[in-house]
Amino acid sequence: MYLSELRIRNFRQFGSGDFELSIDLQPGVTALVGRNDSGKTAFIDSIRYALLTRDQEYIRVQPEDFHIDAHGEQATEIYIFCKLTGLSDSEKGAFIEYLSYEGEEVSVHVHWSARRLSDVPGTRRWIDVSVRSGVDGAGPTFDMSMRELLSATYLRPLRDAEREMSPGRGSRLSQILANVPGISDGAKFDEKKMPQDADAVGSLGLVGLADYMRHNVRQHSGVGNAESAINEQYLASLSLRGDDIRGKIDVSEGGTESARLRQILERLELGLLDASSGSPLGRYGLGSNNLLFMACELLLLGKEPEGLPLLLIEEPEAHLHPQRQLRLMEFLLQAAESTIESGNRTVQVLLSTHSPNLASKIPLGNLVLLQGRRAYSLVKGQTKLETGDYRFLERFLDVTKANLFFSHGVLIVEGDAEAILVPVLAKLIGRDLTEHGVSIVNVGGKGLRRFSRIFQRQDDEAPKIDIPVACLADMDVMPDCAPEILGLVANDDDEKWKSTARRWRAHRDYGDEADARQVALEEQRQRLKENDSQSVKTFVADHWTLEYDLARCGLAEQVVMAAILAKNDDPLNAEKKDRMEVIADAKTRFEALKDESSGDDEVICSKIYQLFHSRAASKAIAAQHLAELLPDHCKAEEIDAATFRTLLPVYIVDAIEFVTSQPEHVAPTTAS
């Protein structure tokens with residue numbers, strides 16, 4: 001049995017109408033991702049309200065749980081719906097009067113609602129809570145015993161795992177152990193039949209062991225002498241004639257056998273040992289405590305023969321370093337698989353996380369993105385991703401790229417140079433990407449469109465994900481002078497121009513007449529944008545590629561300086577060359593380049609790009625140097641943001657402005 005569908009109306013961030021949350025969930029692990037205040041905690045808490053939790057915490061509806069719409073109107077009723085499917089025969093028997101039948105599917109529907117009766121929370125009945133079953137909520141009301149069978153295990157954020165695993169009245173460890181099968185098994189202790197060997201002692205149950213220990217404590221000479229001294233030397237002297245009072249030293253325990261077992265379990269604690277020496281580790285860190293706590297909770301979920309095996313975890317990465325986070329995620333994925341051989345049940349895990357580390361480890365189809373008071377499942381069929389895309393992203397969606405799930409905007413680039421340089425360009429035009437919460441995803445020339453399709457819904461009419469996604473693409477069509485400059489052809493009559501195997505294209509390949517060529521080039525540009533839709537837009541280089549376009553638009557000298565610095569990077573780092581001398585040499589070379597090119601911009605910029613094409617200069621290292629040169633250049637020349645904007649390629653400026661713009665949200669409808 002697992003939670004397969006969740007609907008939320010008028011609960012905290014989630015409103016009604018278009019802003020009512022409705023989502024299908026999968027067995028196994030589901031991770032909720034998204035930036036702060038996107039509704040991850042509300043998502044988890046809605047399940048806690050509807051199904052309750054195993055920690056016996058009293059859940060009380062608060063006034064702020066009722067949704068407030070854009071007009072300041074507060075809802076009067078909260079509605080939460082949970083659908084549980086995949087019931088075994090024994091589970092169908094346990095919930096027989098609460099089952100719902102839809103075709104051949106048998107499920108349990110939980111309709112939880114809280115209706116506000118008063119505006120004053122302190123009154124005796126300020127809300128009316130109802131928990132009903134049935135397809136339309138008209139079935140029998142769930143009694144408490146049935147709700148306990150549906151209760152989930154919940155691990156709160158910033159949990160105090162050390163306290164939870166410590167001994168004490170009502171400790172979580174005692175609650176868990178009390179429900180572990182076999183915990184009450186074993187023989188009872190009989191003083192008339194004292195166990196004669198270790199095997200006999202080992203056959204005793206926990207209560208029997210406690211009775212055996214009590215018997216031995218009472219027989220201890222020190223305890224007996226102390227008891228006699230109290231009674232004969234003191235209590236007898238303090239008693240009145242006729243008083244029949246005697247003291248007895250004994251292990252504190254009493255009540256029924258189940259009460260005594262609970263008292264025993266409440267004295268136990270869970271600690272860590274050094275695996276090699278077997279000695280206690282003493283006081284250990286929050287991270288280790290968290291792992292210990294989760295292992296204990298999963299023990300109960302996996303072994304318990306009945307009830308809903310649902311684990312809710314907020315921020316499982318809390319207090320764990322990255323390697324332990326990955327190890328934990330592997331373990332949770334394994335725990336969510338069927339393990340009949342080990343005797344464990346399949347566990348459904350629903351977690352919320354802010355960790356790109358965890359988000360990169362979980363299969364993409366198991367993620368739910370929360371944004372704009374809506375939830376978007378990334379399962380196949382809900383996005384524009386195809387089967388091959390999912391397989392590709394499982395390989396290449398690593399921790400450096402998974403931060404896109406938590407961003408306010410995403411800028412997808414094809415290489416290191418753009419990833420290094422674009423944030424600096426954005427800052428110099430007054431659009432700091434960090435300030436705007438924009439993530440840069442460097443796909444290394446692979447999968448530009450695949451990463452963007454994560455944010456595109458299969459149904460174009462469905463609510464879109466309001467996260468602007470910009471793809472920066474090279475035009476990859478060079479000016480006619482470039483092939484010869486780059487050494488790709490010898491001259492205009494070279495037979496290589498006619499080769500169908502060549503992978504490069506020049507303007508002349510798109511027609512002889514200028515007007516026809518422009519039309520063909522524009523069609524090529526539109527083909528690069530053909531997958532744009534919803535919040536995804538592709539911005540194509542104005543002319544050719546990043547370095548060429550930067551030079552062509554007004555930063556030619558700075559690009560040459562960066563290329564020459566990159567070419568001399570090793571000697572500069574080893575302090576064998578002086579940086580200012582290299583820059584001076586670069587300026588001289590740039591002036592010579594202009595003279596030999598007769599002022600032809602296409603020739604000048606093609607020769608500048610030739611520095612990168614010949615691998616004399618690394619694009620990435622040159623971008624690093626250019627990122628250092630440009631702020632100094634703007635400061636020295638007193639170039640403000642507006643002026644610097646005119647020196648940049650239009651496609652880069654447009655992309656930066658797109659991802660740093662605030663998306664337009666449709667105002668939610670008034671709560672009903």
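**Close-up views of a predicted model**

The structure, a predicted model, holds ten aromatic pairs.

**View 1. Tyr49 and Trp112 form an aromatic pair.** The arrangement is edge-to-face, with 5.7 Å centre to centre and 70 degrees between the planes. Distant parts of the chain are linked by this pair: Tyr49 belongs to helix α1 (residues 40-51) and Trp112 to strand β6 (residues 105-116), 63 residues apart. Tyr49 and Trp112 are both buried.

**View 2. One aromatic cluster is formed by four residues: Trp544, Tyr548, Tyr609 and Phe612.**

**View 3. Helix α13 (residues 387-396) has buried residues Asp389, Tyr390, Phe392 and Leu393.** Seen down the axis of α13, these residues fall within an arc of 165 degrees, so they line one face of the helix. An α-helix has 3.6 residues a turn, so residues three or four places apart point the same way. The buried residues of α13 pack against α15 (448-452). Arg391, Glu394 and Arg395 are exposed on the other side of α13.

**View 4. Charged side chains sit over aromatic rings at Trp504 and Phe658.** The charged end of Arg502 is 4.4 Å from the centre of the Trp504 ring. Lys537 lies over the face of Phe658, at 5.4 Å from the ring centre.

**View 5. Confidence in the chain is lowest in helix α4 (residues 161-164), at a mean pLDDT of 56, and highest in helix α24 (residues 650-659), at 96.** Over residues 664-672 the pLDDT is below 50, and this stretch has 27 contacts in the model beyond near neighbours in sequence. Where pLDDT is low, the predicted coordinates should not be read in detail. The chain has a mean pLDDT of 84, with 86% of its residues at 70 or more.

Conventions
Residues numbered from 1 in each chain as written. Predicted model: local features only at pLDDT ≥ 70, side-chain atom pairs only at ≥ 80, totals over all residues. Heavy atoms only, no water. pLDDT = per-residue confidence, 0-100. Helix = DSSP H or I, 4+ residues; strand = E, 2+ residues; numbered from the N terminus. Contact = heavy atoms within 4.5 Å. Buried < 20%, exposed > 50% of the residue type's maximum accessible area, 1.4 Å probe, protein only. Arc of directions from axis to C-beta. Phe/Tyr/Trp six-rings, centres within 6.5 Å; stacked < 30°, edge-to-face > 60°. Lys NZ or Arg CZ within 6 Å of the ring centre and 35° of its normal.
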